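Hi everyone, thanks for coming. Have a look at the structure on the screen, and I'll walk you through a few parts of it.

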Amino acid sequence: MSSIRRIPAASLRTGMYLHKIGGSWLSHPFLRNSFLLVNPEDVRRIVEAGIDSVWIDESRGDALQDVEAIGEAPYANATDAGTGRPDLPETGASSAPATAALRARATAGDVPLEAELARARDICLAGKAQVEEMFAELRLGKTVSQESVLPLVDEIAASVWRNPAALISVARLKTHDDYSYLHSVAVSALMLVLARQLKLDERLVRIAGIGGLMHDIGKAFMPLEILNKPGRLTDEEFEVMKQHSGAGAQALQDGGCEADVVDIVLHHHERMDGRGHPHGLREDEISLLARMGAVCDVYDAVTSVRPYRRPWDPAMAMREMARWDGHFDTRVFNAFVKSVGIYPVGSLVRLASERLAVILEPGVDSLLKPTVRAFYSIRSREKILPQTIDLAAGDCRDSIVSPESPEQWGLGNLEALWL
Ligand SMILES: [Fe+2]
């Protein structure tokens with residue numbers, strides 16, 4: 001007889017070994033599925049998450065006594081391996097609750113950009129504060145755990161499921177002072193969206209979000225005079241900064257983070273041609289998650305304000321990054337373009353009608369046909385009354401000719417047109 005038994009969640013007690021929680025991680029409040037229940041609070045969370053039944057392993061914890069089992073589960077069906085999902089190290093429970101918003105992901109992607117922007121801004125502010133605090137704690141010699149960032153990652157995920165463009169676009173608009181902290185939030189959002197585009201399982205989607213948030217955590221250990229330098233780094237300073245990935249990975253390992261998260265942090269600066277750092281890994285030697293990290297990190301970095309250069313327009317960044325030979329995994333990059341759009345929200349484009357326009361909403365059916373706001377006449381070289389155009393509309397005869405650089409057109413702040 002199998003030692004795995006399915007029981008009503010209400011019958012769970014501390015001392016039982018939780019073998020599996022039914023459903024996806026979105027429907028339960030823990031990062032891990034399997035662990036010994038020692039905390040009554042964990043039992044309460046499972047019941048409050050609305051989970052009906054769970055599987056326990058009676059060979060590893062207390063047996064079911066007074067309550068009636070729902071049925072015995074064949075071992076193969078009861079494991080994560082049985083569902084094609086890799087199991088997690090059984091080192092204990094994560095006590096981080098998933099948000100109700102995240103569990104209600106069924107409404108994914110159906111919230112208009114405008115409706116999500118305010119929430120996205122709040123999440124960015126909260127995220128910035130939390131990442132700043134993490135940096136401060138690491139500098140004081142404390143450790144950080146991945147469990148501590150789970151609620152934030154879940155909030156970021158909930159926002160990008162509602163509307164992927166909102167948080168990604170808001171987080172891109174960071175100032176130099178905000179950079180280190182908001183960059184982490186932006187990369188987390190990009191990683192989540194990319195992971196779903198690549199159809200990774202839900203555990204890995206979440207790991208991607210955590211790894212994105214923590215990828216530059218090692219910068220907490222870098223000398224402040226280099227980290228805050230208002231200009232380009234010298235070769236020597238750059239060599240010092242290269243140590244941030246190793247330092248971050250070590251810190252997360254010390255904090256008990258999962259190997260997959262540590263791997264993203266350690267290898268987000270590797271390149272497919274072996275010319276990255278810290279290990280000069282090539283192609284398949286670099287994990288998929290780390291290859292994803294490389295794309296998301298670079299995109300957010302080049303589209304953000306840096307002390308020594310103006311940000312690239314998002315659509316220009318897509319075009320330029322596509323030309324970088326040997327840097328990125330092509331399959332991952334293509335999926336990234338699909339998930340964020342060839343013309344991300346806020347990009348400047350030239351229309352066939354000889355007007356400049358800013359992207360308002362990605363196209364639903366075609367990446368090439370977003371909704372735009374035309375605001376500048378190329379013929380008369382002056383601003384015109386803004387006009388919103390759905391390029392996918394049946395009666396629309398206009399189209400995008402090319403991405404444009406706001407700087408070359410002498411255009412300053414385009415945010416007022418879409419934010
Ligand atoms: Fe980095």
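**A strand and its neighbours**

Let's begin with a facing pair: Leu348 stands opposite Val358 in S7. This is a predicted model, where local features need pLDDT of at least 70 and side-chain atom pairs count only at pLDDT 80 or more, while totals for chains, interfaces and linings use all residues. Residues are numbered from 1 along each chain as its sequence is written, and side-chain values use heavy atoms, with hydrogens and water left out.

Strands here are DSSP runs of E with at least two residues, helices are runs of H or I with at least four, and both are numbered from the N terminus. Two strands pair if DSSP finds at least two bridges between them. Strand S6 (residues 348-351) runs antiparallel to strand S7 (residues 355-361), with three bridges joining them. Their hairpin has three residues between the strands, and Glu354 takes a positive phi near 60° there. S6 also pairs with strand S10 (residues 400-403), again antiparallel and over three bridges. In that pairing, Val349 stands opposite Pro403.

Now to the metal. Which residues are the protein donors of the iron ion? They are Asp216 (OD), His244 (NE2), His268 (NE2) and His269 (NE2), at 2.1 to 2.3 Å from the ion. Donors are N, O and S atoms within 2.8 Å of the metal (3.2 Å for Na, K and Ca), and since water is not among the atoms, sites may look incomplete. The arrangement is irregular because the four donor atoms subtend angles of 84 to 174°. For reference, four donors count as tetrahedral if all angles lie between 85 and 135 degrees; four count as square planar and six as octahedral if opposite donors are over 155 degrees apart and all others between 65 and 115; anything else is irregular.

His269 takes us to our last stop. Among the 41 residues lining the largest pocket, those nearest its centre are Lys219, Phe238, His269, Arg306 and Tyr308. A pocket is an open set of points on a 1 Å grid over the protein atoms alone, with protein on both sides within 12 Å along at least five of seven lines, and lining residues have an atom within 4 Å of a point. Helix H13 gives the most to this lining, with five residues.

Conventions: On a 1 Å grid over the protein atoms alone, a cavity is a set of points where a 1.4 Å probe fits but cannot get out, and a pocket is an open set with protein on both sides within 12 Å along at least five of seven lines; lining residues have an atom within 4 Å of a point.
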